[in-house]
Amino acid sequence: MTIILRQLRTSKRFLSTWVDTFDKYLMGSEPIVKDQHSKLLAKRDRIYNVEIQDVKPGYVSEYLANAEKVLPDIHTDKEIPVELYGQFHVQLGQLDRVYTIWRHSGGYGDVDKTLTQLSKMKDYGKFVEEQGKLVRKREQQLCYEFSFWPTYDDHYDGGLFEIRSYTLKAGCLYEWLMPGQRR
């Protein structure tokens with residue numbers, strides 16, 4: 001009987017199973033991840049196009065008025081697969097900055113269709129040209145949602161929102177998430 005147990009305890013399969021179980025349940029370590037963390041922790045069905053515009057001082061009201069004329073039409077156009085998620089004017093921090101956030105529910109295919117449709121719209125080309133005269137700097141980012149944070153789908157007019165950005169080291173997204181999951 002002792003010989004059989006020694007053989008079981010020293011077999012590679014038994015040891016690896018025992019070590020994995022010990023690590024997982026007693027030490028609280030994370031499971032082995034076999035895919036990129038960004039793929040595992042992002043909602044890949046929705047892509048957000050975040051446009052960041054630094055408006056020239058004194059032109060924010062004109063910029064927002066122009067946007068109010070054109071952006072709702074893009075939002076309601078059934079040919080353009082995009083939703084205007086929100087437009088935010090920064091009042092604390094980086095002043096004269098405007099964030100416009102578009103949501104593409106069909107992934108990169110919708111991003112491509114949207115860009116194609118917008119390039120065909122004469123009014124949109126004119127709008128971009130007019131807005132360009134009011135802006136010092138423009139930037140766009142395509143972003144995924146984190147899968148571990150809830151999606152905010154409700155419509156809300158007014159109020160203050162906090163905009164955060166995180167700079168993470170490559171390969172550390174999963175480790176960054178884990179302390180929050182353990183609380």
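**Figure 1**
Leaving out residues up to four places away in sequence, E51 touches V98, Y99, T100, W102, E139 and Q140, where contact means heavy atoms within 4.5 Å. The model is predicted, so that local features need a pLDDT of at least 70 and side-chain atom pairs count only at pLDDT 80 or more, whereas totals for chains, interfaces and linings use all residues. Residues are numbered from 1 along each chain as its sequence is written, and side-chain values use heavy atoms, with hydrogens and water left out. E51 lies in strand β1, residues 42–55; helices (H or I, at least four residues) and strands (E, at least two) are DSSP runs, numbered from the N terminus. E51 counts as buried because its relative accessibility is 12%, the classes being buried under 20% relative accessible area, exposed over 50% and partly exposed in between (1.4 Å probe, protein chains only). The side chains of E51 and W102 are joined by a polar contact of 3.4 Å; the term denotes a pair of N or O atoms within 3.5 Å, of which, within protein, one must be able to donate a hydrogen and the other to accept it, while residues adjacent in sequence count only if both atoms are side-chain atoms. Although E51 and T100 are 49 residues apart in sequence, their C-alpha atoms are 5.1 Å apart in space.

**Figure 1. Strand β3 and its buried residues.**
Strand β3 spans residues 97–104 and includes R103. Because 8 of the 8 residues of β3 are buried, this strand is largely enclosed by the rest of the structure. Both of its faces are covered, with R97, Y99, I101 and R103 buried on one side and V98, T100, W102 and H104 buried on the other. R103 itself has a relative accessible area of 6%, and therefore counts as buried, and its side chain makes a polar contact of 3.3 Å with that of Y48.

Strand β2, residues 83–89, runs antiparallel to β3 and is joined to it by 6 bridges; two strands are taken to pair if DSSP finds at least two bridges between them. One of the positions to look at is F88, whose bridge partner in β3 is Y99. L84 also has its place in β2, and it counts as partly exposed because its relative accessibility is 22%. Its C-alpha atom is separated by 6.4 Å from that of R103, 19 residues apart from it along the chain. Not counting residues up to four places away in sequence, L84 touches T100, I101 and W102, and also L71 and H75. In the loop between β2 and β3 sits D96, which has a positive phi of about 65° although it is not a glycine. Most residues other than glycine have a negative phi.

Helix α4 covers residues 60–76, that is 17 residues, and reaches 24 Å from its first C-alpha to its last, close to the 24 Å expected at 1.5 Å a residue; the expected span is 1.5 Å times one less than the number of residues. The helix bends by about 35° at E68, and a proline, P72, follows within four residues, the bend at a residue being the angle between axes fitted to the seven residues ending there and the seven starting there. E68 is exposed, because its relative accessible area is 62%, and its C-alpha lies 9.7 Å from that of Q87, 19 residues apart from it in sequence. The buried residues of α4 are V60, Y63, N66, A67, V70, L71 and I74.

I74 is found in helix α4 and counts as buried because its relative accessibility is 2%. Leaving aside neighbours within four places in sequence, I74 is in contact with I80, V82, W102, L118, M121 and Y124.

**Figure 2. The whole protein chain as context.**
The secondary structure of the protein chain comes to 7 helices and 4 strands, which follow the pattern α-α-α-β-α-β-β-α-α-β-α along the sequence. Of the 183 residues, 25% count as buried.
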